[in-house]
Amino acid sequence: MGESMTDRDKCQQLLEKYCRKLRVVPGWDVQLRFVEDPEWRKTGDIKIDCTDRKAILLLNAANPKQENLEEVIVHELMHLKMYPLDQVTESLITSHFEEGTPARDFAYTEFFTALEITVEELAKCFLLEFGEDKGFSYGRCDREKSFHELYEGLNNLD
């Protein structure tokens with residue numbers, strides 16, 4: 001993060017702001033933790049305990065992949081808001097598809113892809129409305145091949 005204590009304080013303030021805006025508090029207790037492990041590959045993650053209504057939002061302090069940590073905080077809190085739907089859908093998949101089958105793998109992939117797209121879209125909408133830093137992170141796009149590169153070398157169908 002190349003961050004100082006003020007950056008951590010700012011992240012804590014942003015967490016508190018979005019916990020209020022998303023109506024996470026007072027029903028939930030959410031703690032912010034910084035991951036110092038340079039091998040950790042994510043920029044953010046969230047651990048959720050529904051029984052105790054506690055969550056830990058993790059932010060990568062060593063090498064975040066995204067430049068807008070406000071966006072990451074909102075994204076992870078959206079996962080908390082979507083968690084009941086997440087759990088029901090995952091239970092439906094595990095109860096209807098045999099483990100290790102292509103059908104189950106397909107259902108899991110489609111579900112988690114749709115969940116991630118939905119969470120990110122909600123996070124972007126919320127950030128545009130309430131964000132201090134409304135700039136989106138484009139790190140994932142930077143690592144992808146361009147449209148031309150994907151189709152380079154394919155023969156014409158004519």
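From the N terminus on, the elements of the chain follow the order α-β-β-β-α-α-α-α. The secondary structure of this predicted model amounts to 5 helices and 3 strands. Of the 158 residues of the chain, 35% count as buried. The chain exposes about 10,600 Å², and carbon and sulfur atoms supply 53% of that area. Among the contacts in the chain with a separation of 6 or more, 66% are between residues 24 or more positions apart.

Helix α1 covers residues 5-21, and the loop that holds Pro26 lies between α1 and β1. Two features of the backbone occur in this loop. One is a cis peptide bond, with omega of about 15°, that joins Val25 and Pro26. The other concerns Arg23, which lies in the loop between α1 and β1. Phi of Arg23 is near 60°, a positive value in a residue other than glycine. The relative accessible area of Arg23 is 69%, and this residue therefore counts as exposed, the cut-off being over 50%. A positive phi is also found at Arg53, where the value is near 50°. Arg53 belongs to the loop between β2 and β3, the latter being residues 54-60. With a relative accessible area of 39%, Arg53 is partly exposed. As background to these cases, most residues other than glycine have a negative phi, and most peptide bonds are trans.

Strand β1 includes Val35. This residue counts as buried because its relative accessibility is 15%, under the cut-off of 20%. Val35 and Leu59 are 24 residues apart along the chain, and their C-alpha atoms are separated by 5.9 Å. When neighbours within four places in sequence are left aside, Val35 is in contact with Trp40, Leu58, Leu59, Asn60, Ala61 and Ala62. Arg41 is placed in the loop between β1 (29-35) and β2 (44-49). In contrast to the buried Val35, Arg41 is exposed, at 73% relative accessibility. A further arginine, Arg8, has its charged end over the ring of Phe34, at 4.5 Å from the ring centre.

Helix α3 comprises residues 102-130, 29 residues in total. The distance from its first C-alpha to its last is 42 Å, close to the 42 Å expected at 1.5 Å a residue. The buried residues of α3 are Arg104, Ala107, Tyr108, Phe111, Leu115, Val119, Glu120, Ala123, Phe126 and Leu127.

Another pair, Phe126 and Phe130, is tilted, with 4.8 Å centre to centre and 50° between the planes. These residues are also 4 residues apart in helix α3, so about one helical turn separates them. Phe126 is buried at 17% relative accessibility, while Phe130 is partly exposed, with a relative accessible area of 30%. Ring pairs link Phe126 and Phe130 with Tyr18 into a cluster.

The cysteines were considered last. A disulfide is a covalent bond between the sulfur atoms of two cysteines. The count of disulfides comes to 0. Cys11 is buried, at 5% relative accessibility. Cys19 is likewise buried, with a relative accessible area of 4%.

Technical notes: Residues numbered from 1 in each chain as written. Predicted model: local features only at pLDDT ≥ 70, side-chain atom pairs only at ≥ 80, totals over all residues. Heavy atoms only, no water. Disulfide = S-S within 2.5 Å. Buried < 20%, exposed > 50% of the residue type's maximum accessible area, 1.4 Å probe, protein only. Expected span 1.5 Å × (residues − 1). Phe/Tyr/Trp six-rings, centres within 6.5 Å; stacked < 30°, edge-to-face > 60°. Lys NZ or Arg CZ within 6 Å of the ring centre and 35° of its normal. Contact = heavy atoms within 4.5 Å. Areas by Shrake-Rupley, 256 points an atom, 1.4 Å probe, with all protein chains shown as cover.
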